[in-house]
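Here's a quick walk through the fold, starting with the sheet and then moving on to the helices. Keep the structure open beside you as you read.

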Amino acid sequence: DAMTRAILGIDPGQSGAAVLWSPAGSLELWAAPFEGGEWNVKAMREIIDSAACKGAIALIEKVHGMPGQGGQAMFQFGYGYGHWVALIQAAGLRLEKVTPQAWQKAFLPDKMRGAKVPKTERKNRLKLEAQRLFPEVRVTLKNCDALLIAEYGRKL
């Protein structure tokens with residue numbers, strides 16, 4: 001099913017991204033529409049509508065607050081996640097929530113996963129893997145997770 005349907009991969013963080021992969025192999029990328037401390041819900045809806053018109057399956061990283069994050073940051077993070085989920089559901093798209101552990105397992109060797117590996121090291125490794133898989137894309141730390149989430153969905 002996923003091989004014949006478009007896949008929308010979403011990293012729901014404020015510095016995340018959304019990636020729409022089509023079965024023909026084309027990619028559309030959007031930076032998270034978070035501007036001036038606010039989520040741009042209209043821009044989020046345009047991304048979802050673009051995916052809906054292609055009959056996409058949406059995969060979003062299932063997230064939670066992180067220890068050490070301030071209350072305001074956690075609130076904004078959860079707020080954005082809620083917007084994405086609501087817009088996806090309103091558009092009638094199939095929604096899959098995937099944990100970071102699940103999708104990262106497909107791209108990182110065992111020794112690169114877990115709390116013992118510094119986040120920077122893990123993120124850089126994920127960025128390298130995304131660049132290897134998508135040589136035609138300018139992969140950044142902001143879009144690499146969304147690219148890999150979409151690829152994970154494509155492989156499912």
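Five strands make up an open sheet with mixed pairing, in the order 3-2-1-6-7. Strand 3 (27–31) and strand 7 (94–98) sit at the edges with a single partner strand each, so one side of each has no neighbour in the sheet. Going from one strand to the next, the twist averages 15 degrees. Bear in mind that this is a predicted model.

Over at the strand 7 end, strand 6 (residues 57–61) pairs with strand 7 in the parallel sense, over five bridges.

I7 stands opposite W21 in strand 2.

Strand 2 also pairs with strand 3, again in the antiparallel sense and over five bridges. W21 turns up here too, with L27 as its bridge partner in strand 3. These two strands form a hairpin with five residues between them, and G25 in the turn has a positive phi of about 100 degrees.

How many of strand 2's residues are buried? Five of its five. In a regular strand, side chains alternate between the two faces of the sheet. In strand 2 both faces are covered: A17, V19 and W21 are buried on one side, and A18 and L20 on the other.

## Helices on the sheet

Helix 1 (residues 41–52) lies across strand 1 (7–11), strand 2 (17–21) and strand 3, running at about 155 degrees to strand 1. Helix 5 (residues 144–155) packs on the sheet as well, touching strand 1, strand 2, strand 3, strand 6 and strand 7. The direction of helix 5 makes about 140 degrees with that of strand 1.

## Helix 4, a two-sided helix

Helix 4 (residues 119–133) has 15 residues, which at 1.5 Å a residue should span 21 Å; its end C-alpha atoms are 21 Å apart, so the two agree.

Which residues of helix 4 are buried? They are R122, L126, E129 and A130. These residues cover an arc of only 100 degrees around the axis, so they lie on the same side of helix 4. The general rule behind such patterns is that an α-helix has 3.6 residues a turn, so residues three or four places apart point the same way. The buried residues of helix 4 pack against helix 3 (100–105) and helix 5. On the other side of helix 4, T120, L128 and R132 are exposed.

Key: Residues numbered from 1 in each chain as written. Predicted model: local features only at pLDDT ≥ 70, side-chain atom pairs only at ≥ 80, totals over all residues. Heavy atoms only, no water. Pairing = 2+ DSSP bridges. Helix = DSSP H or I, 4+ residues; strand = E, 2+ residues; numbered from the N terminus. Axes fitted to C-alpha atoms, helices over the stretch in contact; angles between N-to-C directions. Contact = heavy atoms within 4.5 Å. Expected span 1.5 Å × (residues − 1). Buried < 20%, exposed > 50% of the residue type's maximum accessible area, 1.4 Å probe, protein only. Arc of directions from axis to C-beta.
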